[in-house]
Structures are given as structure tokens and as C-alpha cells.
Amino acid sequence: MKGIISIISFLLVGIATAIYIGFGNTYAPKPIAVDHELQGLNEKYILKFSHVVAENTPKGIAASRFAQLVKEKTNGWVEVQVFPNGVLNDAQGEFEALKKNEVQIIAPAISEIAVHDPKWTVIDLPFLFENEEMVERAFDGKLGELLFQSIAQYHYKGIAFWDNNFKQFTNNIRPIVTPADLQGLTVRIMPSPLLIDMYQTFGAYSQSFPFNEIYESLRRKHIDGIENTLSNIYSKGLYQQQKYMTVSNHNYLGYAVLMDDKVWDTLPVHHQNSIMEAMEEVTEWLRTYAKEHNKDMLLKVESSESLNIHYLTESERNLWKEALSPIYEKYEPIIGKEIMAEVWKLQEAIR
Ligand code: LMR
């Protein structure tokens with residue numbers, strides 16, 4: 001009797017464990033089926049999508065809309081489960097989780113991807129983009145294509161570029177008007193090597209740590225300032241912990257939606273097509289929404305009157321560009337001729 005009870009308990013624990021963790025492995029890499037039309041029929045795929053921002057931000061809403069669209073387009077055969085706010089992983093942890101097949105979709109900020117592929121530092125070149133139109137051309141054109149080609153050598157499948165908006169400086173020490181104003185400040189940044197160098201050029205100290213630790217770090221005065229989009233500054237209440245903001249638009253914060261290429265290849269082609277269709281629709285919607293949302297967040301921060309706001313003028317902007325020319329010199333060879341040629345073309349086209 002005792003033996004039977006232990007066998008039953010063993011089986012129950014086994015089933016419970018399989019229910020808890022098992023679904024995530026349904027699509028673990030399998031041999032490629034010969035007939036792609038038949039492959040995956042009557043098989044449900046669950047794709048865990050991890051991201052680090054709030055649900056009511058452009059990326060948060062886009063992820064939920066994407067999940068809904070994929071469900072509709074695949075009649076429920078592909079289920080995208082969204083995990084926001086870094087509940088599963090912080091941004092760097094997402095890369096590891098993707099490789100271990102613990103999550104299947106991530107949408108990290110490009111400055112986080114630059115840690116894994118130095119060519120992606122191109123998007124961190126300060127004052128690279130004059131406006132959103134230029135960003136669009138970059139993401140949709142040859143530059144975006146070259147970045148996805150480059151990351152493919154590390155076995156990432158690039159699905160789409162997603163928008164947030166331009167980054168602004170905030171801090172508690174003084175208004176930031178010229179590069180010299182950053183001298184001696186401790187600023188939280190994302191871990192891109194280019195950003196680390198940029199703050200060093202200004203004589204500032206930079207610290208990289210996960211997005212969801214920023215609020216507490218500001219509250220405890222471990223850092224003086226941050227750089228981020230108005231969407232992130234507002235949605236996490238970061239502005240409440242800061243005295244000064246400069247609308248500098250010095251860098252663009254965009255994302256790339258990535259999957260592991262082996263996991264992508266295990267998906268039947270008809271599902272891959274539905275996922276891509278859903279992604280195109282969401283990406284187009286996000287483009288307009290992210291712009292509008294960041295404008296609205298600026299209005300909200302302005303009307304809160306809790307921050308002293310400076311808007312960088314054209315001549316101040318030129319001063320910053322000059323001060324940052326050593327960064328361009330250092331990173332051009334790292335980014336490579338082919339991608340830099342696209343940068344110059346984009347700058348020429350916008351003039
Ligand atoms: C960050 O500063 O870490 C964020 O910009 C993250 C994000 O995904 O927007």
C-alpha cells in the first residue's frame with residue numbers, strides 16, 4: 001500500500017512540475033520537418049515575452065497588442081504570454097533567458113544589445129538623429145537591415161525595431177545646459193560601452209544597473225541623475241525624485257524585438273508568417289503612438305511643475321555635438337564602414 005501511495009505521489013508531483021514548467025519547452029528545438037505545411041499542425045506553441053517596462057508604456061502596450069493579434073491570426077495555436085516590469089528578468093538577464101529557452105521573445109533597448117554586438121553602438125552615437133523621421137528611415141532601411149544581419153551571427157533572429165523616443169537628461173544638482181554641466185555628476189545609464197565613454201568624456205561618473213532599480217536609487221540619492229525617455233521618466237515616477245530636466249533629445253531609445261534563431265526555426269512557417277504580420281501591424285501602430293505618448297508625458301511633467309525644465313537651443317545643441325566628436329572618432333571603426341556609410345547617407349538626406 002505504502003509503495004502504491006509513493007508511486008501515486010511521485011506521478012502527481014511529476015505532472016504538477018510538467019504543468020508548471022513544461023509548456024515553455026513545447027517548442028524546444030526539434031529536427032526540421034520535411035513538409036513545412038504539415039509541421040506543427042495541432043500543436044500549441046507558447047511564447048513567453050519578457051520586457052522591463054510598465055504595461056501602460058509604448059512597449060508595454062505594443063507587447064499586449066502583439067499577443068492579442070498573434071492569438072487571433074493563429075486561432076489560438078500560438079499564445080504569447082507577456083511578462084512586463086522585469087518580473088522575469090532584467091534587461092541583460094533577458095539575453096541569457098532567451099538562450100536558455102526560458103523566454104522566447106525579448107524587446108531590449110538597443111543600448112542593451114550593444115553589449116552583445118558592438119556594431120549596435122551606432123544607435124547610441126549622440127545627436128545622431130535630428131528627428132523621428134530620420135529614425136524611421138534608419139530602422140526601415142539598409143541600416144536596420146545591416147544591424148539584423150550582424151546580430152544574426154550571434155544567433156538572434158531580429159523580428160522588428162520598436163520605438164520609444166528621444167532621451168532627456170534629469171538630475172538633482174544643477175540645470176544641464178552645456179557639456180561642462182555634467183562634470184562630476186553620477187548618472188545611471190544603460191550598459192552600452194559608448195554611453196560609458198560618453199559620460200567619461202564629460203567628466204561625469206556613470207553607473208549601469210537595471211531599469212527597475214532607478215527609482216529607489218534616486219530616492220536614496222545613490223545617483224544624481226538619469227537619461228531616459230519622457231515615457232519612462234513619467235511612468236516610473238522618476239521625475240518626482242529629480243529637480244532639473246533638459247529636453248536634449250541627445251539619443252534615441254529604440255528597441256529590437258528578438259528571438260533565438262533556433263527557436264524561431266522550430267515554428268511552422270504558417271505561424272512564422274502570422275507572427276510577422278502581427279508584428280508589422282503593431283510596429284506601425286507603435287510608431288505613431290510612441291511619438292504622441294512621449295509628447296503627452298512631456299505635458300504632464302511640465303504641468304506637474306516639479307521640475308525646472310531647460311529646452312536645449314540649436315546653438316547649445318551644436319556645442320554638444322562638437323564636444324562629442326571624440327566619441328564619433330573612437331566608435332566609427334568599431335561600427336564599421338558599411339554601417340557608417342548609411343549614417344552619413346541618412347544625415348545627408350535629412351539636410
Ligand atoms: C532603461 O533605461 O533601462 C530603459 O530605457 C529600459 C526600457 O526598456 O525602456
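Over the face of which residue does Arg65 lie, and at what distance from the ring centre? I looked this up and found Trp285, with 4.1 Å to the ring centre. A charge counts as over a ring if NZ of Lys or CZ of Arg is within 6 Å of the ring centre and within 35 degrees of the ring normal.

I noted that the model is predicted, that local features need pLDDT of at least 70 and side-chain atom pairs pLDDT 80 or more, and that totals for chains, interfaces and linings use all residues. Residues are numbered from 1 along each chain as its sequence is written, and side-chain values use heavy atoms, without hydrogens and water.

I then looked at Lys99, and its charged end sits over the ring of Tyr156, 4.1 Å from the centre.

Next I took up ring pairs. Rings of Phe, Tyr and Trp (its six-membered ring) pair if their centres lie within 6.5 Å; planes under 30 degrees apart are stacked, over 60 edge-to-face, and the rest tilted. I have 16 aromatic pairs by this rule. One of them is Phe139 with Tyr252, edge-to-face at 6.1 Å between centres and 75° between planes. Phe139 is in helix 5 (residues 132–140) and Tyr252 in strand 10 (residues 252–260), so this pair ties together parts 113 residues apart in sequence. Helices (H or I, at least four residues) and strands (E, at least two) are DSSP runs, numbered from the N terminus.

I checked burial as well. Buried means under 20% relative accessible area, exposed over 50%, partly exposed in between (1.4 Å probe, protein chains only). Phe139 is buried at 5%, and Tyr252 is buried at 3%.
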